[in-house]
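Subject: Structure handover

Hello,

Here is the structure you asked for, with notes on what was found in it. Please read the notes with the model open beside them.

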Amino acid sequence: MCHLYEGPVVGGWYKVLDRFIPGTTKVDALKKMLLDQGGFAPCFLGCFLPLVGALNGLPAQDNWAKLQRDYPDALITNYYLWPAVQLANFYLVPLHYRLAVVQCVAVIWNSYLSWKAHRL
């Protein structure tokens, strides 16, 4: 269910990012990765985790408490994986394949997020 949220949001973000920072040089890829991980990733996680909680029927107060508990660890874990993936993705992969690359890595990442979201 969350892929209905994730695919369009991430795909749209990549298009915006490519318009904002055109090019595929190493410096362009680094700028894109920094914007992606410094701006998009924190916001995406901050929306994704409560969405999963809401879809699982968590009351708003419990969902908020769970977000406060899980968000910092999820964001730190994000930074162990995604900067390297995104740097390679933005440097080596054409725009129209980037979402596919991310979705392959996201199988592992989403398993982690699912575990995190379903932990009580």
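Before the helix packing, one definition: a helix axis here is a line fitted to the C-alpha atoms over the stretch in contact, and the angle between two axes runs from 0 to 180 degrees, taken between N-to-C directions. Keep in mind throughout that this is a predicted model.

Helix packing

The axes of H2 and helix H4 (residues 95-118) come within 12 Å, crossing at roughly 45 degrees. That angle makes H2 oblique to H4, because an angle counts as roughly parallel only under 35 degrees and as roughly perpendicular from 65 to 115. The crossing of H2 with H4 is right-handed.

H3 and H4 have axes that come within 11 Å and cross at roughly 160 degrees. Angles over 145 degrees count as roughly antiparallel, so H3 and H4 are roughly antiparallel to each other. H3 also passes H4 in a right-handed crossing.

For H2 and H3, the packing angle is about 150 degrees and the axes are 8 Å apart. H2 and H3 are therefore roughly antiparallel to each other as well. Their crossing is right-handed.

Salt bridges

Side chains of opposite charge can pair when their charged atoms come close. Searching the whole structure gives four salt bridges.

One of them joins Arg98 to Asp18, with 2.9 Å between the closest N and O atoms. This pair links distant parts of the chain: Arg98 sits in helix H4 and Asp18 in helix H1 (residues 3-20), 80 residues apart. Arg98 has a relative accessible area of 1%, so it is buried. Asp18 and Arg98 also belong to a network of salt bridges together with Lys32.

Asp70 takes part in two of the pairs. Its side chain meets that of Lys66 in a salt bridge, at 2.7 Å from N to O. Asp70 and Lys66 are both in helix H3 (residues 60-92), four residues apart, which is about one turn of the helix. The side chain of Asp70 also meets that of Arg69 in a salt bridge, here at 2.9 Å from N to O.

Which of these residues are buried, and which are partly exposed? Asp70 is buried, because its relative accessible area is 2%. Lys66 is buried too, with a relative accessible area of 10%. Arg69, in contrast, is partly exposed, at 39%. The cut-off behind these labels is that buried means under 20% relative accessible area and exposed means over 50%, with partly exposed in between.

Surface patch

Leu30, Leu34 and Leu87 make a nonpolar surface patch of about 250 Å². Leu30 belongs to helix H2 (residues 26-55). With a relative accessible area of 40%, Leu30 is partly exposed.

Individual positions

Gln37 is placed in helix H2. Its relative accessible area is 5%, so Gln37 is buried. How far apart are the C-alpha atoms of Gln37 and Trp82, and what is the distance in Å? Gln37 and Trp82 are 45 residues apart along the chain, and their C-alpha atoms are separated by 7.6 Å.

Leu95 is in helix H4. Leu95 is partly exposed, its relative accessible area being 32%.

Leu113 is another residue of helix H4. Leu113 counts as buried because its relative accessibility is 0%. Between the C-alpha atoms of Leu113 and Gln103 there are 14 Å, and the two residues are 10 apart along the chain.

Regards

Conventions:
Residues are numbered from 1 along each chain as its sequence is written. This is a predicted model: local features need pLDDT of at least 70, side-chain atom pairs count only at pLDDT 80 or more; totals for chains, interfaces and linings use all residues. Side-chain values use heavy atoms; hydrogens and water are left out. Patches are made of residues with over 30% relative accessible area and no salt bridge: like charges are joined within 9 Å, nonpolar side chains (Val, Leu, Ile, Met, Phe, Trp, Tyr) within 5 Å. Accessible areas come from the Shrake-Rupley method with a 1.4 Å probe; for residues, only the protein chains shown count as cover. Helices (H or I, at least four residues) and strands (E, at least two) are DSSP runs, numbered from the N terminus. Buried means under 20% relative accessible area, exposed over 50%, partly exposed in between (1.4 Å probe, protein chains only). A crossing is left-handed if the near helix is turned anticlockwise from the far one by less than a right angle, and right-handed if clockwise.
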